[in-house]
Amino acid sequence: KKKGKGGGGGAAGPSQVPEVAAEEALTAEDDALVAEEDAELAAALEESARLEDERRVAEEQGSSSSAAAAPAPRDEEEPPDDFICPITTEVMSD
């Protein structure tokens, strides 16, 4: 038989117990972080929905009141019959 070589022969000795405990601790920490991130995301989505609702209500109220208070559209100038193209500098006509 060979002795002193091979690093322990695969038995679950005390050196492996801390690794398992450390892995379980990391998993618990990871789970806690994921749960915290999920809670933050849910809160952000709720806030976003609330703000969107407030914006929509304000827009609906603003559109109904601004339609009555909006001044009549002023007469816009007619576009010219011809103008110079800014790219080719050719005179363009309608």
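Is Thr89 buried or exposed? Thr89 is exposed, with a relative accessible area of 59%. The model behind this briefing is predicted. The protein chain has 94 residues, and 2% of them are buried. One helix and two strands make up its secondary structure. The structure holds five salt bridges.

**Overall architecture**

- Read along the sequence, the chain follows the pattern α-β-β.
- Helix H1 covers residues 17–69.
- Strand E1 spans 82–84, and strand E2 spans 91–93.
- The accessible surface of the protein chain is about 8900 Å².
- Carbon and sulfur atoms account for 56% of that surface.

- Glu47, Arg50 and Glu54 are linked in a network of salt bridges.
- Arg50 pairs with Glu47, and the closest N and O atoms are 2.5 Å apart.
- Glu47 and Arg50 sit three residues apart in helix H1, so about one helical turn separates them.
- Arg50 also bridges to Glu54, again with the closest N and O atoms 2.5 Å apart.
- Here the spacing is four residues in helix H1, so Glu54 and Arg50 are separated by about one helical turn.
- Arg50 therefore takes part in two contacts that each meet the cut-off, a side-chain nitrogen of Lys or Arg within 4 Å of a carboxyl oxygen of Asp or Glu.
- Arg50 is partly exposed, at a relative accessible area of 37%.
- Glu47 is partly exposed as well, at 36%.
- Glu54 is also partly exposed, with a relative accessible area of 44%.

- Glu59 forms a salt bridge with Arg55.
- The closest N and O atoms of Glu59 and Arg55 are 3.1 Å apart.
- The two residues are four positions apart in helix H1, so they are separated by about one helical turn.
- Arg55 is partly exposed, with a relative accessible area of 40%.

**Negative surface patch**

- Which residues form the negative surface patch? They are Glu36, Glu37, Asp38 and Glu40.
- Glu40 is found in helix H1.

**The loop residue Thr89**

- Where does Thr89 lie? Thr89 lies in the loop between strand E1 and strand E2.
- Thr89 has a positive phi of about 60°.
- Thr89 takes this value although it is not a glycine.
- Its relative accessible area of 59% is above the cut-off, so Thr89 counts as exposed, which requires over 50%.

Notes. Residues numbered from 1 in each chain as written. Predicted model: local features only at pLDDT ≥ 70, side-chain atom pairs only at ≥ 80, totals over all residues. Heavy atoms only, no water. Patch = residues over 30% accessible without salt bridge, like charges linked within 9 Å, V, L, I, M, F, W, Y side chains within 5 Å. Areas by Shrake-Rupley, 256 points an atom, 1.4 Å probe, with all protein chains shown as cover. Lys, Arg positive; Asp, Glu negative; His and termini not counted. Charge placed at Lys NZ, Arg CZ, Asp CG, Glu CD. Buried < 20%, exposed > 50% of the residue type's maximum accessible area, 1.4 Å probe, protein only.
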